[in-house]
Amino acid sequence: MGYKMKKISILLSVLLLISCANENEIEELTIYTSRQPQLLEPIIEDFYDDTGIKVNLLSGNAQELMERIYIEGNDSMADIFMTVDAGVLWQAAERDIFSKVDSEILERNIPSYLKDPENKWFGLSKRARTIVFSSDQFASDDFSTYEDLADPKWKGKLCLRTSKKVYNRSLIASMIDEYGLDQAKEVVSGWISNLATEVFSNDTNALKAVSSGQCGMTIVNTYYLARLLDDPQYDNLNLFWANQNDRGVHVNISGAGIVKTSKNKENAISLLEYLSSDRAQNFYASANKEYPVLIGAKVHESIQEWGDFNEDNINVSKLGSLQKQAVLLAQEVGYK
Ligand code: FE
């Protein structure tokens, strides 16, 4: 080997050593998520400071990300899939993209009804879906349950978001679970008879229609109300905790699971454990004005006045397994 060649070959092996060393030193995780990056950024910075593990976010639409993980298979960069709604997480588990996780910390921090019974995914925040009414037209005393909104006395008063949104499919699924298909169908059919107007494409528009007097009440996730109430224009919107004397308010989750093909499962589990910890729970749920899964963690100041509420503790995986029935039910009663 000539002098020049030798020099190049030494240089190459030095470079190779450096790059190997780097790969060992910098530990990274990648989350595929439909959540807003700003909800996660402070937590992953904190996690990095604690552990030296860098977390990358790949943001996008939940269905597309799920599809992508499935197609990428073994080559996927995804260590964690994180999204909202138990129905979506359940679907991801059905597509077999998650691996089971055994963790005492997750077991301890997350109530069992807020996670997959097989430990493939876990709730990280709670999202309550309840009744909001206009105080120009009604008072709290007028309301009791979701089912009561099917009573003919509310004719021309109810506004609803479309049943195409998974949130409403999950709500219907919870009613199917509670008292069977026929009775659930009767309730939803009653809602449709009481509609003031066409269904809305999102919760915020339904709320605005209540505020403007187009309708008297609607059913929404509470964080949408919290956002609108930042504007005094919507002061006539009032929250009512539904079904407090029976099964409780319908609760869904945002959550995550470890991707089956992840090469960093131990670190990924550490990150989920961290997300369920006191430190992260005090921030993560309140940042979007949702509710923490960890008992005792903080809720956002602006929603503290709504107080505590009894929640339906149906296992959220049923919101997934009954989803198809919920879709069919909505179709049958003409809930668009
Ligand atoms: Fe939402």
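Which residues does Val-132 touch, not counting residues up to four places away in sequence? The legends below start there. This is a predicted model, where local features need pLDDT of at least 70, side-chain atom pairs count only at pLDDT 80 or more, and totals for chains, interfaces and linings use all residues. Residues are numbered from 1 along each chain as its sequence is written, and side-chain values use heavy atoms, with hydrogens and water left out.

**View 1. Val-132 and the residues around it.** Here's the answer: Val-132 touches Leu-207, Val-210, Gly-216, Met-217, Thr-218, Val-220, Leu-225, Leu-237, Asn-238 and Leu-239. (A contact means heavy atoms within 4.5 Å.) Val-132 sits in strand 5, and strands here are DSSP runs of E with at least two residues, while helices are runs of H or I with at least four, both numbered from the N terminus. Val-132 counts as buried because its relative accessibility is 1%; buried means under 20% relative accessible area, exposed means over 50%, and partly exposed is in between (1.4 Å probe, protein chains only). Look for Val-220 too: Val-132 and Val-220 are 88 residues apart in sequence, yet their C-alpha atoms are 7.1 Å apart in space.

View 2. The chain is split into domain 1 (3-126 + 253-300) and domain 2 (127-250 + 311-333), with bounds that come from an automatic or database domain assignment. Their C-alpha centres lie 32 Å apart. The contact takes 20 residues from domain 1 and 22 residues from domain 2.

**View 3. Polar links across the domain interface.** Between domain 1 and domain 2 there are nine residue pairs in polar contact (both at pLDDT 80 or more). A polar contact is a pair of N or O atoms within 3.5 Å; within protein, one must be able to donate a hydrogen and the other to accept it, and residues adjacent in sequence count only if both atoms are side-chain atoms. On the side of domain 1 that touches domain 2, the elements giving two or more residues are helix 4 (86-94), strand 5 (122-134) and strand 9 (250-259). Helix 4 gives the most, with three residues. Three salt bridges also cross this interface, where a salt bridge is a side-chain nitrogen of Lys or Arg within 4 Å of a carboxyl oxygen of Asp or Glu. Zoom in on Lys-126 and Glu-311 to see their side chains meet in a salt bridge (2.9 Å, N to O).

**View 4. Helix 4 from end to end.** Asp-85 caps the N-terminal end: one of its side-chain oxygens lies 2.7 Å from the backbone nitrogen of Gly-87. Buried along helix 4 are Ala-86, Gly-87, Val-88, Leu-89, Ala-92 and Ala-93. Asp-96 has a positive phi of about 65 degrees although it is not a glycine. Most residues other than glycine have a negative phi. At 38% relative accessibility, Asp-96 counts as partly exposed.

**View 5. Arg-35, Arg-127 and Glu-290 in a salt-bridge network.** Arg-35 lies in the loop between strand 1 (27-33) and helix 2 (37-51). Its 5% relative accessibility is why Arg-35 counts as buried. The Arg-35 side chain makes polar contacts with the side chains of Ser-254 (3.3 Å) and Tyr-284 (2.9 Å). Meanwhile, the side chains of Arg-127 and Glu-290 meet in a salt bridge (2.4 Å, N to O). That pair links distant parts of the chain, 163 residues apart, with Arg-127 in strand 5 and Glu-290 in the loop between helix 11 and strand 10. Both partners are tucked away: Arg-127 is buried at 4% relative accessibility, and Glu-290 is buried at 0%.

**View 6. Arg-129 paired with Asp-203.** The closest N and O atoms of this salt bridge are 2.9 Å apart. Arg-129 is in strand 5 and Asp-203 is in helix 8 (residues 203-212), so the pair ties together parts that are 74 residues apart in sequence. Arg-129 is buried, with a relative accessible area of 1%, and Asp-203 counts as buried at 0% relative accessibility.
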